[in-house]
Amino acid sequence: MPAPKNKFREKPEPEELIAEEANERHDIEEKVASGAKNKPKTPRTPAAKTEKKAEAPKPKNNEPKVTLAQRWQKAVDIYKNERTQKLLGLILVLSSIYLFIALLSYVFTWDKDQDKVLGPLSELFSVDTKVSNWLGKIGALVSHLFMYKWFGAASFILVPVLMLYGLQKILGRQYAKPSAFTAKWLFMMVWTSLTLAFLFHDKWYFLGGGYGYILNLQLRNFVGVIGTVAVLAFSMLAFLVLSINMSFRFNKNAITAPEREEIIENELADEHLPPVNPHANTVFTKEDPVLSEEEEAELLNFEVINKPAEEPVKPKEDLVIPPVKEPEQSNEVVFDTKPETPSDSKKDLEFEIVNQPEEKLTPEPAFVIEEPKEQNISLDEEVKASQLVEQFGEYDPTLDLGHYQFPSTELLIDYGSGQGKVNQEELVANKDRIVNTLKNYGIEIDKISATVGPTVTLYEIVPAAGVRISKIKNLEDDIALSLAALGIRIIAPIPGRGTIGIEVPNQTPEMVPMRNILASDKFQNTTHDLPVALGKTISNEIFIADLAKMPHLLMAGATGQGKSVGLNAILVSLLYKKHPAQIKFVLVDPKKVELTLFNKIERHFLAKLPNSEDAIITDNTKVIHTLNSLCIEMDNRYALLQDAQVRNIKEYNAKFIQRKLNPNEGHKYLPYIVLVVDEFADLIMTAGKEVETPIARLAQLARAIGIHLIIATQRPSVNIITGTIKANFPARIAFRVTSKIDSRTILDAGGAEQLIGRGDMLLSTGNDLIRIQCAFVDTPEVEKITEFIGSQRAYPSAFMLPEYVGEDGAGDKDDIDLSERDKMFDDAAKLVVQFQQGSASFLQRKLKLGYNRAGRIVDQLEAAGIIGPFEGSKAREVLVKDMEHLNDIINRIKA
């Protein structure tokens, strides 16, 4: 509330009087503007007063009119607002990203979009016009303006400029002066455009842009080629001079570099000197006496500590102002903390270090000394690797067969486009039969849709509310009867969709040619390490799996259902995608007829045991040795990975390619190894545990070092596919089987017994089942592929696996030459006689040998007559009982 008026009110301030006068003047101006002066004066009667009140306008706010300057100031305030600045920054950042993508896309798509952007805009933005630019029509138009009409490749300079401006506004920091920075990047855009147009005006016009092209023509016309070069060089030099503020003036009194360093050293030394007498640099008058050091110290202490507030010190009045006036104030602080002389400070530091406890001193030097050494070592290795890469380039394992050509799809038979042959009538008829069959049992359907696949059609139904899924599941046989078709499979419900699926075989199944799969963009552009083209799903999508991520595959199916074709499809996929240096196959074919076609690529892609004649293994004994040899290879690879300090084969090979691993230390490029066993049931029946144990070990451990297993069998019974094997094979393929029990054995779920055969299969990856029509590759096609690869230059021999010597002895006793015995032969013989045990595992433990070397020593001990022959499950007999007899044998061998 306003203060009450009284006669004792204080006199108003001049500012208040000025404000009151301004308000009165404003009221008078308003009355004049409204024409109040022109109205005749009438007597102020009560009626007139009432009428006046009714006609009176609304009271004024006493606010001044908003001028143009005030509006402009308001707009400036809105612009300078923090939120506005952040929004503008975000717009600039997004614009820079948009411009970068548009310009980059122009480099690849300009030839396809140029005729469209050069035409009228109405044609460009019509519905029928299609452009190839990644950002559509606007991106094509923007990139055309910048690249073709304006600055060319120099337009890329705008990208970091807009990004910098945007970040400045978002973060509220100024990284560059706006005016100077704008002038610099504008000059660089024009200069770069002109330079690119001068260099590439004949070949790549768009690099210089329209501005650069016109400027280049004008300069060449007026000053010629040499003059254009001179203009470019002079303009760049002038830009550098203006940017870095270079001066060409020579100053005779300029301080030379050595003198400047000496001055800097003296200044740094002065900073560490003890406090100087404050009167040392002062000038006394003639009347003042010279004080001694003791008197100066007393005077200093009196001035700093005991100086009265009202009595100034006399000596200070007669002094000329010294250059440094701080010692008076800092004397008290420096007196207690800083040493008086440099020598004393050194002594104090030494005293502090020596008198520290020994427990604190010992770990500190070790930490300080050892850490830089490790860093230096790692840095040295990185530097050496980078130098080798710069000198020789990255290691390329394919250079051994540098002229190797991958097989083309022309080697495969063209079976046509592979379009579906299911007509609309068949779909409608099947839909009506399904709906009628469900209605007969009182099941209402809200919606039904069909997805046509190569061999089956998936009908998805949405049942009405209240319908139990199990009720539809139990009608599987009734639906098959009404459709008069075999292989009806009900998926209730379909995972992730909320519908029930009914798979119905097509009347005319479609073949999925391998040629179409391998020629597809999905296979050609895949990034999988080991891509496997399996075929098409029920939605006609090409399905490509990665064997490296499976990581092992178990296949089962009855005879004639497409299992061998599936193996050929897997092998052909890898042959089309991988170089011989990148992958090797170990093929086991107990039937001796399925995989013989791959004999022709033995020196390219196959791996085998040393001294083995055939690369494709058919003998069960050699199968056992091969599996154990793969276990040895697995252990050796893990040792290499441990030495390289990596976790898997991909990281190891990447490190080897970058030349960070020394081949002289045993490191080498490791190819993937894929073990393919065609008939696993026969091996289990003949060898049993001798086969199951190494396969289980490989399945458990071999994934990280690039060994992958593909095992196929006809009989997926429990005694063939044991729990140990199933636990390590998460990826399983089931072709048609004869019973539901076999389906549950291979997939842990039913459904494989409902397949229609001829390549129809179910793939289980651990979570769900995927129905796939396997790609068809015929025997003549495989033969053409292997002949094409086999006719090319190959390695001298197949990839050799580590040598494995079984307990039964791999070689003949008469073939062993004791003159070339192992260096550890004598030590091994003494251990065997001392402990009366003669086995390879015993020597491994005692002498810390590998299995190969221990097996060879066991053979040599047997040839020397120290231990007896292999006797099955029994231990070898040690024939020498004392050391004297052993020494006689060793001396006889040496003689």
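The close-up views below are taken from a predicted model.

**View A. Helices H22 and H30 pack in a roughly parallel arrangement.** Helix H22 covers residues 563-577 and helix H30 covers residues 779-790; their axes are 11 Å apart and form an angle of about 30°. Since that angle is under 35 degrees, H22 and H30 are therefore classed as roughly parallel to each other. The crossing of the two helices is left-handed. From H22, the residues Asn568, Val572, Leu575 and Tyr576 take part in the contact, and from H30 the residues Val782, Ile785 and Ile789. Sorted by class, the contact of H22 with H30 holds 6 nonpolar residues, 1 polar residue and no charged residues.

**View B. Helices H31 and H33 cross at roughly 70°.** The axes of H31 (residues 825-835) and H33 (residues 851-863) come within 10 Å. On the H31 side, Phe825, Ala828, Ala829 and Val832 meet Ile857, Gln860 and Leu861 of H33. This contact comprises 6 nonpolar residues and 1 polar residue, with no charged residues.

**View C. Helices H31 and H32 cross at roughly 110°.** Helix H32 spans residues 840-847, and its axis comes within 11 Å of the axis of H31. H31 and H32 are therefore roughly perpendicular to each other, and their crossing is right-handed. The residues in contact are Asp827, Ala828, Leu831, Val832 and Phe835 of H31, together with Phe842, Leu843, Lys846 and Leu847 of H32. By class, the contact of H31 with H32 has 7 nonpolar and 2 charged residues, and no polar ones. Ala828 and Val832 of H31 take part in this contact and also meet H33.

**View D. Helix H4 is kinked, with the kink centred on Thr109.** The kink in H4 amounts to about 85°. H4 consists of residues 82-117, and its end C-alpha atoms are only 39 Å apart. A straight helix of 36 residues would span 52 Å at 1.5 Å a residue.

**View E. The peptide bond from Met550 to Pro551 is cis.** Omega for this bond is near -5°. Pro551 is located in the loop that runs between strand S6 (542-546) and strand S7 (553-556). Most peptide bonds are trans.

**View F. Asn540 has a positive phi.** The phi value of Asn540 is near 65°, and the residue is not a glycine. Asn540 is placed in the loop between strand S5 (531-537) and S6. Most residues other than glycine have a negative phi.

Technical notes. Residues numbered from 1 in each chain as written. Predicted model: local features only at pLDDT ≥ 70, side-chain atom pairs only at ≥ 80, totals over all residues. Heavy atoms only, no water. Helix = DSSP H or I, 4+ residues; strand = E, 2+ residues; numbered from the N terminus. Expected span 1.5 Å × (residues − 1). Bend = angle between axes of the 7 residues up to and from the residue. Axes fitted to C-alpha atoms, helices over the stretch in contact; angles between N-to-C directions. Contact = heavy atoms within 4.5 Å. Nonpolar A, V, L, I, M, F, W, Y, C, P; charged D, E, K, R; others polar. Parallel < 35°, antiparallel > 145°, perpendicular 65-115°, else oblique. Left-handed = near helix turned anticlockwise from the far one by under 90°.
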